[in-house]
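Here is a friendly walk through one protein model, from a loop to its charged pairs. Have a look at it first, and then read on.

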Amino acid sequence: MLATLFWFLLFPVVAVTLAYRRESLKRSTLVMGGLLLAYTLLGNAGGFWLSLLWLLFLGLLLLNFEDFRRTTISRRLLAFYRQILPPMSDTEREALEAGTVWWEGDLFSGAPDWEKLYQMPAPRLTREEQAFLDGPTETLCRMLDDWQITHELADMPPEVWAYIRQEKFFAMIIPKRYGGLEFSALAQSCVLRKLASRSLVVASTVGVPNSLGPGELLLHYGTEEQKDHYLPRLAAGDEIPCFALTSPRVGSDATAITDTGVVCRGEYEGREIIGIRLNWDKRYITLAPIATVLGLAFKLYDPDHLMGDRDAYGITAGLVPTRLPGVTIGRRHFPLNIPFQNGPTQGRDVFVPLDAIIGGPERAGEGWKMLVQQLSVGRGITLPSNAVGCGKAAVYASGAYARIRRQFGLPVGKFHGVGEVLARMAGRTYIMTAAADVTIGAIDAGEKPAVPAAILKYHNTEMGRAIANDAMDVQGGKGIMLGPKNYLGRNYQGMPIAITVEGANILTRGLIIFGQGAIRCHPYVLKEMEAAGAEGEAGLRAFDRALFGHLGYAVGNAARSLVMALTQARYVMAPTRDGTRRYYQHISRYSASFALAADVAMLTLGGALKRKELLSARLGDVLSAIYLASMVLKHHVNQGSPEEDLPIVEWACRSLLYDAQEQLHGLLRNLPNRWASALLRLFVFPRGRSYSAPSDELGLQIAELIMRPCDSRERLCEGIYQAVEPNNPLGLLQEALELTESVKPLERKVFNARRDGLFESEDTPSQINEAERKGILTADEAAQLRSFDAKVMALIDVDDFAAAELAVRKTAATPGAARAPVKKPQAKKKAGKKKASKKRVVKKPVVAKRATEPVEKQGD
């Protein structure tokens, strides 16, 4: 009996081991054949069981013969697959082909190669880049008064515009041969973080020309003539660029834009040429109100075949000087009290030459491809970096405020409810920073990680919004009273803006992260789709290889998920043996479970998964969670694995992995095929959901770290504007925080005297005076306490105004002063109309209601 039990346990154990190790079909057949032969010779099973095992082995053996496999299995499955395969448009294919596959491909495999990530060099700034951060970026931050920018002017003052142009902040991505700075992606990110910690208006203004826009598109696709003409002017700030994509009627569906260009004959600069007559209506375009060159996405048509033999070319990207007749700019949107230059633009019968197409006429119809290729990088830099800067500033301020602000005789941060919030803020800021730094390091190494860029855009902006909310909770009335003393309000107002752009976050979560990743990162799905599109025997052979590779991959992930779930992944290889080892192991476990769940969802739902956005979103959340946890671990290594940061690392990883567990559970609860869901649960959660969120004790540990001056606090908030000066609350809060340690013994003396009933007065200044008179404090000690108390009261003070002061000032600066001028109305307009138009620009507040006609309308 025991011998029989031994053999019947041995067979599944060996089979699972082979699948777990992902042994080849040939090797697995040899091993199972040898085991079956040994059982036949040495075992004592009855004839039925032995016959059944040999029959199963024969089927396994036949799968090793490709001709038999293709004829009997693959050919039939290929015909069925072609019937159920959803059609794919050219724009969808171009989106899928955008960028490269990096670490997310390892996570999709179910068996991440940790050494690959562990050995990747840490990103570093060059001396020149560091000097720019320490010099011009610091100087620019020192010049900024965010209340003046957001309330009084609704724009940056002229001297700030001039300094940005002078120091080439708009030219970070432009090569030096064209007069630019040629900075790395890391340097761009660091500059934006520091600026965002000071002013979102400035960070947004600087970020856009260095992100998706004319400069970026020209660098990658422009003709040499276009580069030589525009890039030096963009670098010098003589041209102000914008890129117009979003149309009012189509929103995020960029492929359905209604803006058109028709190839025709027309007059340009005094001569008749073949060109393009453009008509467009765009909105939400940053820098459009002051742009001198407009990047434009439009659909190109050639009904008279003046350019070629095609009637329509599709989405095309072009460059339009805003001085041309028919261009309308100048009106502004007002996005949630963050008045960066953003507005609509229209064009009516604007005629441009064919070489206005970026890359020349041969690039006609390639606009969508250009955009998605560059978004595969740009999504991972500008908005995620701004969120990091805001998050760091919020943690830096909130940690100090929670220590110096007292309620009920204690710093407010000592209350556990506040400590929980501080820990959450710190943990999320660490996740955002890690994700940005490591992913941007990969970009600088040559990757164009489209899926990670979407993960960063979605999760960094969402975590940034959550941190802004938490900072408000910690600082209460101080946070909500707007005025020059408020250092939280504008970032709190501005975070939803980042949620909506470069792909609204609901769209990014529901469609892009998993929708793109499932095909792009899966080791076999794209190969199967390509094989299905090929004809003849070559297509069948390719499909057969992909299909059986996919089957082996799925069986391997099922075995890996089951074994790691049963053993809590304790025996999985990890690159470290310190306190982070278990998190590497758990990520490996959830990687296998995610890969298996993704295959089951795609198998049972097919093309319908594309419409089941909530299921797709949950799968995307699991991929995001294990990706972000990987970035946390790599960031910790890049910083030298400081032991004192382990509480924050643990909080971050535990939060992310717990979220991965819960999202997998949500997927299983909502998968339409209940039989598939039940079977999948057996492989994913054979012991139930056993992973726990961070403990309360861990959170309070982290709160203590960020409420006192220490290396962990400085590492977490590194890179923001910290100068100690009257106009920088962050620096002043840090100064007060550092003083708390030196005045703590003096505060204790006053507290003991008050407890002993030695004071007649109730308020702190009077008690300090009494303590000095009664010899409890020396004169120097009393002066030290008075100075500290005055600093604290100044920091917790809030603004108040006379009623008239709250109105927008009537002398607000003309938008975009001290930079390239907004285009004036054409000379053919009547003088009276010119005068009226000028009057409206100067006298009306920037945020005034719309006039009947746009101020800067051109070419009527």
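Histidine 305 sits in the loop between strand E4 (293–301) and strand E5 (312–321); helices (H or I, at least four residues) and strands (E, at least two) are DSSP runs, numbered from the N terminus. Although histidine 305 is not a glycine, it has a positive phi of about 55°. Its relative accessibility is 39%, so it counts as partly exposed. Here buried means under 20% relative accessible area, exposed means over 50%, and partly exposed lies in between (1.4 Å probe, protein chains only).

Before going further, note that this is a predicted model, in which local features need pLDDT of at least 70 and side-chain atom pairs count only at pLDDT 80 or more, while totals for chains, interfaces and linings use all residues. Residues are numbered from 1 along each chain as its sequence is written, and side-chain values use heavy atoms, leaving out hydrogens and water.

Glutamine 568 also has a positive phi of about 55° without being a glycine. You will find it in the loop between helix H23 (536–567) and helix H24 (581–605). With 12% relative accessibility, glutamine 568 counts as buried.

Now for the charges. Side chains of opposite charge can pair when their charged atoms come close. How many salt bridges does the structure hold? There are 32, where a salt bridge is a side-chain nitrogen of Lys or Arg within 4 Å of a carboxyl oxygen of Asp or Glu. The table shows some of them.

| Aspartate 544 | Arginine 69 | 2.6 Å |

Aspartate 544 is buried at 0% relative accessible area, and arginine 69 is buried at 7%. Both glutamate 138 and lysine 194 are buried too. In the remaining pair of the table, aspartate 470 is buried, with a relative accessible area of 5%, whereas arginine 424 is partly exposed at 23%.

What about a charged residue without such a partner? Glutamate 104, in helix H6 (residues 103–109), is buried yet has no salt bridge. The nearest side chain of opposite charge, arginine 520, is 7.4 Å away (Lys and Arg count as positive and Asp and Glu as negative; His and the chain ends are not counted).
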